[in-house]
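Good morning, colleagues. I would ask you to keep the sequence and the structure in view while I speak.

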Amino acid sequence: MRPTYFNDHVQETLPLASLRRLQDERLRQTVLRVTTGNVYYRKLFESVGLDASGIAANFRGIEDITKLPTTSKDDFRKSYPLGMCCVPKMELREMHMSSGSTGSPIVMPYTVNDLNQWAMCMARCYRMAGTQPGDVIQITPTFGLFNGGFGMYHGARAADLFVVPTGSGNTERQIRLAKDFGTRIFGGVASYGIRLLEALEASGSKLESLEIGIFGAETFTAGLKERLTNGLGIEVFDIYGMTETGGVGTLGMDCPAHCGIHVWEDQYYAEVINPATGGNVPDGTIGELVITSLQREALPVIRFRTGDLTSIVSRDVCECGRTHVRIAPISGRTDDMLIIKGVNFFPSQVEQALLEIPGVLPHYQIIIEETDGVKDIRVNVEVESGVTGFVVEKHLKEKLGFSPKGDVFKAGELPRQDGKAQRVFYKSNDKK
Ligand code: DLL
């Protein structure tokens, strides 16, 4: 493997001891920033018994990190719109927002340096995937409040790519543009990759120039990745990030060795905790990812409980030369777990099981039906002709330990969403 790095490859391959020293220093600065620059944070520190004005003086760095309070989406919601912002509004240059299903939206403001930091993280991802200056990238997430479109754009500028900023939708036009401009890279949400693949299959055409897919934003099982890789005949990368850490790519991506997502550790410190107790879990054990940003200015996060489930895959130097920690692909969210008839499982397990069945297509719905307080599950899925409901049910029973009801549909019959795919639906059968 001949790895390609963005400008500052030194940072990506820092010896572990130097990386730790850098993290210590940056964490101390971040603690100072939030405790001196923001009332919400100051109160939060005080609420767990920390003297906000004194903490920075004695704070040693990473070894003291578990003394800090955790934060969550709730803190963003309570402080909407800019209550956690640590710089004067005059210094802000952009914001992004995620809506979520309940309460106030979550806002991330950016200073100029934050935008540059975001662009650098994204540019590192692009280079890690093997892109070169001048390569054509088609950016398919929405350009707007969602961070996907703009994040991919800022990074593409830093990495000197030629941007075709299509945004989402109109797959026929996407294909036409990709052919006309010789697109080498597609960036988007994982389910958009599937949409592209289906449109190409339906029209019987191929994108000769396409070599790299950078997909993320939703749980992305090995089965789905394999379908995209084989179907599109490209190398697929799993890109990670969220509004609260500054957007797409801030938390890294897998490298060409494809053995875990490299979290940009000079920018973010990652912990994995037991979501029930809050204590750190040993490497290799699945838990909730907790992130502390080390370089953000406007709104650094301190021990942010992401809700995403993963594990530390390795802290060793990777085949690609990078020293930054690797985490497993996100397997679900703490708030996604379903408990049906006493069995706990995540929607991603249903996806993985479904995609193991030959002829099953990557479009499905998990419908949780509740009757008089009792929950039941129905799994509807699109299949090629010849695959029966019986086959699907038998396989799910084998893999999940219970057999959901459900129907099989022909290709294209289940509804599609623009942006992230909705997989789980709730239905009450109670008569009012
Ligand atoms: O989804 C950022 C993004 C855009 C990532 C485009 C990749 C591509 P949010 O809308 O704030 O930001 O949603 C963040 O999406 O906490 C995860 O639950 C999920 N997520 C993001 N990337 C991945 C991934 C963007 N690679 C939330 N695998 C996160 C699984 C992901 N889940």
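Which residue stands opposite Gly247 in E8? That residue is Met242. Before I continue, please note that this is a predicted model, in which local features need pLDDT of at least 70, side-chain atom pairs count only at pLDDT 80 or more, and totals for chains, interfaces and linings use all residues. Residues are numbered from 1 along each chain as its sequence is written, and side-chain values use heavy atoms, with hydrogens and water left out.

Let me stay with strand E8, residues 247-254. Helices (H or I, at least four residues) and strands (E, at least two) are DSSP runs, numbered from the N terminus. Two strands pair if DSSP finds at least two bridges between them. E7 and E8 pair in the antiparallel sense over three bridges. They form a hairpin with four residues between them, and Gly246 in that turn has a positive phi of about 115°. On to E9, residues 261-262: two bridges join this strand to E8, and the two run antiparallel. Here Asp254 stands opposite Ile261. E8 and E9 also form a hairpin, with six residues between them, and His258 in the turn has a positive phi of about 50°. Eight of the eight residues of E8 are buried, so the strand is largely enclosed by the rest of the structure. Buried means under 20% relative accessible area, exposed over 50%, and partly exposed in between, with a 1.4 Å probe and protein chains only.

I turn now to the ligand. How many residues surround the ligand? There are 18, and the closest are Asp238, Ile239, Thr243, Asp308 and Lys420; a residue counts as near if one of its heavy atoms lies within 4 Å. E7, residues 235-242, and helix H7, residues 147-158, each supply at least two residues of this shell. E7 gives the most, with five residues. By type, the shell divides into seven nonpolar, six polar and five charged residues. For these classes, Ala, Val, Leu, Ile, Met, Phe, Trp, Tyr, Cys and Pro count as nonpolar, Asp, Glu, Lys and Arg as charged, and the others, Gly among them, as polar.

Next, a sheet. Four strands form an open sheet in the order E10-E11-E12-E15, with antiparallel pairing. Strands E10 (268-273) and E15 (332-333) stand at the edges with a single partner strand each, so one side of each is left without a neighbour in the sheet. Six bridges join E10 to E11, residues 287-293, and Tyr268 stands opposite Ser293 in E11.

Finally, consider helix H8, residues 171-181, whose buried residues are Thr171, Gln174, Ile175 and Ala178. Seen down the axis of H8, these fall within an arc of 95°, so they line one face of the helix; the arc is that of the directions from the helix axis to the C-beta atoms. The face turned away from the buried side carries the exposed residues Glu172 and Arg176.
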